[in-house]
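Dear colleague,

Please find below the sequence and structure that I am handing over to you. My notes on what was found follow directly after them.

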Amino acid sequence: MIAPVAPDAPTVGRGIGRWLREAATSRRPLTSIALFVGTVVAAMVAAAPVIGIDGGNPLEAYRALFDGSLGSDRGLAETLVSATPLLIGGLAVALALQGGLLNLGVEGQLVVGGLAAGAVGAELDLPTGVHLAAALAAGAAAGALWALVPALLKAFRGVHEVITTVMFNYVAFSLSTYLVSPGGLFVSETQPSATERIRPSAELPPIWEPTRLHAGFLLALALAVACWWYLRHTPGGFRLRMVGANPTAARFGGIEVARVQVTTLCLSGALAGTTGAVEVLGLHGRYFDAFSPGYGFDAIAVALLGMVAPIGVVAAALVIGILRAGSTLLQSQAGVSKDLVTVISGLVVAAVAGRVVVERWLDGRRARQRPAAAPGDDRPPPRAELRTELDPDPEPVEART
């Protein structure tokens with residue numbers, strides 16, 4: 001039976017989400033690696049004039065980035081520490097985009113996930129292992145619940161998720177601030193704007209002494225493999241990609257689009273909540289108000305650079321992690337503001353988004369140069385023409401049986 005779904009209103013948000021999905025998705029999988037490297041290089045080249053305007057030397061700045069991120073054991077460990085939340089958060093954004101949804105509420109879901117994990121880690125007294133699992137599960141559940149209302153509004157009322165998830169960010173920020181403020185439910189007796197320290201039984205153990213690298217990085221890699229397996233080798237993942245590719249065709253194929261959309265956003269929220277939990281349990285040792293420097297927003301750049309594929313997200317998180325880890329030496333060694341890393345991240349998104357414009361121009365040029373069909377020639381038109389004239393969404397659907 002086909003589930004009734006309210007039609008979407010033609011909003012600006014839907015256009016933005018569609019454009020970003022097209023920009024992030026390559027139509028030539030064999031050239032994905034070249035596109036990835038080219039995008040990063042283009043962003044670095046485009047950032048060079050900005051470095052010059054800031055009074056620095058681009059070559060010295062990039063050498064400082066390398067020395068601070070990959071030039072030593074400590075730098076490499078800090079790169080992996082920085083990449084961990086970006087990887088899980090990027091998976092959250094990428095999973096939603098694969099399902100045709102743009103989850104801009106990752107930051108808010110990350111905050112409530114971190115708060116839930118910090119509260120469970122500090123307040124409960126459970127055996128080692130069980131306590132850690134309970135704290136991680138609490139973070140994931142909080143993130144999923146925070147995404148549930150936007151998911152229901154999207155699936156059954158047609159309210160675009162861009163609007164609701166963004167608004168829920170502000171609710172999450174205000175609620176978490178209140179709960180760890182003086183008189184709040186989870187505020188510490190000795191540390192304002194924070195929870196009590198989590199118990200040792202709930203901590204993610206270090207994996208590279210004496211650096212700060214913890215087991216959360218291994219968990220992030222495991223989640224990337226799990227997401228890839230779910231999307232490519234399970235019926236649920238197939239339905240998710242079908243709805244993301246063409247919800248109308250999926251509906252006529254017997255897929256309950258509303259249920260898939262709710263599931264997709266909740267899974268995305270669970271990953272975002274896990275991001276906050278991993279940061280609290282592995283790095284900070286307690287929940288601090290505003291502990292995230294914007295991981296949820298940077299995760300959007302990671303997902304786009306990674307072409308919304310789990311394996312690509314791993315590579316993209318490492319690249320952004322290198323930029324973040326090297327930003328300290330960027331300021332002290334090259335005399336360039338570390339905020340330049342934010343500029344480079346933005347240029348990466350611009351380069352990814354600009355790729356679709358170039359591809360469309362090349363498609364149109366090839367179509368104009370192709371000779372018109374002779375009278376009586378009933379052969380089907382080339383794929384590029386079909387895509388331009390008939391198919392508004394050129395992403396191919398890999399049907400599985």
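The model is predicted, so local features are reported at pLDDT of at least 70 and side-chain atom pairs at pLDDT 80 or more, while totals for chains, interfaces and linings use all residues. Residues are numbered from 1 along each chain as its sequence is written, and side-chain values use heavy atoms, with hydrogens and water left out.

Overall composition. The protein chain contains 16 helices and 0 strands; these are DSSP runs numbered from the N terminus, with helices (H or I) of at least four residues and strands (E) of at least two. Of its 401 residues, 50% are buried. Here buried means under 20% relative accessible area, exposed means over 50%, and partly exposed lies in between (1.4 Å probe, protein chains only). The chain exposes about 18800 Å², of which carbon and sulfur atoms supply 65%; accessible areas come from the Shrake-Rupley method with a 1.4 Å probe, and for residues only the protein chains shown count as cover. Among contacts with a separation of 6 or more, 76% are accounted for by residues 24 or more positions apart, a contact being heavy atoms within 4.5 Å.

Surface patch. Ile 33, Val 37, Val 41 and Val 45 form a nonpolar patch on the surface, with about 380 Å² of accessible area together. Patches are made of residues with over 30% relative accessible area and no salt bridge, where like charges are joined within 9 Å and nonpolar side chains (Val, Leu, Ile, Met, Phe, Trp, Tyr) within 5 Å. Val 45 belongs to helix 2 (residues 32-53) and counts as exposed because its relative accessibility is 55%.

Helix crossing. The axes of helix 3 (residues 58-70) and helix 4 (residues 73-98) come within 5 Å and cross at roughly 85°. Axes are lines fitted to C-alpha atoms, for helices over the stretch in contact, and angles run from 0 to 180 degrees between N-to-C directions. The two helices, helix 3 and helix 4, are therefore roughly perpendicular to each other. Gly 68, Ser 69 and Leu 70 of helix 3 make the contact with Gly 75, Leu 76 and Thr 79 of helix 4. Angles under 35 degrees count as roughly parallel, over 145 as roughly antiparallel, 65 to 115 as roughly perpendicular and the rest as oblique.

Salt bridges. Side chains of opposite charge can pair when their charged atoms come close. A salt bridge is a side-chain nitrogen of Lys or Arg within 4 Å of a carboxyl oxygen of Asp or Glu, and the count comes to 4. One of them joins Glu 78 to Arg 212, with the closest N and O atoms 2.8 Å apart. This pair links distant parts of the chain, 134 residues apart: Glu 78 lies in helix 4, and Arg 212 in the loop between helix 7 (161-179) and helix 8 (216-233). Another joins Arg 324 to Asp 298, at 2.0 Å between the closest N and O atoms. Arg 324 is in helix 13 (residues 310-325) and Asp 298 in helix 12 (residues 295-305), 26 residues apart.

A buried glycine. Gly 113 sits in helix 5 (residues 106-123) and is buried, with a relative accessible area of 0%. Leaving aside neighbours within four places in sequence, Gly 113 is in contact with Gly 139, Ala 142, Gly 273, Gly 276 and Ala 277.

With kind regards
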